[in-house]
Amino acid sequence: MTDCIFCKIARHEVPSRIVFENERLLAFHDLFPAAPTHILLIPKSHYTTLNDVPASEAVVLGELMTTAAQIARDNGFADDGYRVVMNCNSDGGQSVYHIHLHLLAGRKLTWPPG
Ligand code: AMP
């Protein structure tokens, strides 16, 4: 996807504050944080929404989740806790159409979300 902002971030064509990177995924700080720590984890491959990830590629989702937990451990907030969220489509509040996992931490998060 040439005009997708997160694809551009994944290709390092748009700057981001990178937290973690490997061949398959990238984690970077959200530009408009909703919590003291707000990190986005994306696969480098483009999937528009969660609906577009076939079961045969579920490993992508697993790696996003396990990497979020590793980032939480590495940054010392795993024990205090955190939240991972993936918004899907308009009712879910998705605004960037390249799947991403929000990793939120650093304050007591309320439930249910708005
Ligand atoms: P969502 O609303 O679930 O699609 O989340 C998109 C998130 O991407 C929002 O929290 C935005 O603040 C964030 N965002 C949008 N553009 C950028 C960017 N260039 N760098 C970092 N975060 C971004």
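**Fold and ligand site**

Modeller: From the N terminus on, the protein chain's elements run α-β-β-β-α-β-α-β. Helices (H or I, at least four residues) and strands (E, at least two) are DSSP runs, numbered from the N terminus. This is a predicted model, where local features need pLDDT of at least 70, side-chain atom pairs count only at pLDDT 80 or more, and totals for chains, interfaces and linings use all residues. Residues are numbered from 1 along each chain as its sequence is written, and side-chain values use heavy atoms, with hydrogens and water left out.

Colleague: What does the C-alpha trace span along its principal axes?

Modeller: About 35 × 30 × 30 Å.

Colleague: On to the ligand. Which residues come nearest?

Modeller: Asp30, Asn87, Ser95, His100 and His102, of the 16 residues around the ligand. A residue counts as near if one of its heavy atoms lies within 4 Å.

Colleague: What kinds of residue make up the shell?

Modeller: Seven are nonpolar, eight polar and one charged. Here Ala, Val, Leu, Ile, Met, Phe, Trp, Tyr, Cys and Pro count as nonpolar, Asp, Glu, Lys and Arg as charged, and the others, Gly among them, as polar.

Colleague: Which elements each supply at least two shell residues?

Modeller: α1 (5-10), β2 (25-29) and β3 (37-43).

Colleague: Which polar side-chain atoms lie 2.8 Å from a ligand oxygen?

Modeller: One belongs to Asn87, and one to His102. A backbone N or O atom of Val96 lies 2.9 Å from an oxygen atom of the ligand. A polar contact is a pair of N or O atoms within 3.5 Å.

Colleague: How much of the ligand does the protein bury?

Modeller: 84% of the 500 Å² that the ligand exposes when taken alone. Those areas come from the Shrake-Rupley method with a 1.4 Å probe.

Colleague: New topic. Where is the cis peptide bond?

Modeller: From Trp111 to Pro112, with omega near 0 degrees. Pro112 lies in the segment after β5 (101-105).

Colleague: And what is phi of His12?

Modeller: Near 65 degrees, a positive value in a residue other than glycine. His12 lies in the loop between α1 and β1 (18-21). Most residues other than glycine have a negative phi, and most peptide bonds are trans.

Notes
A polar contact is a pair of N or O atoms within 3.5 Å; within protein, one must be able to donate a hydrogen and the other to accept it, and residues adjacent in sequence count only if both atoms are side-chain atoms.
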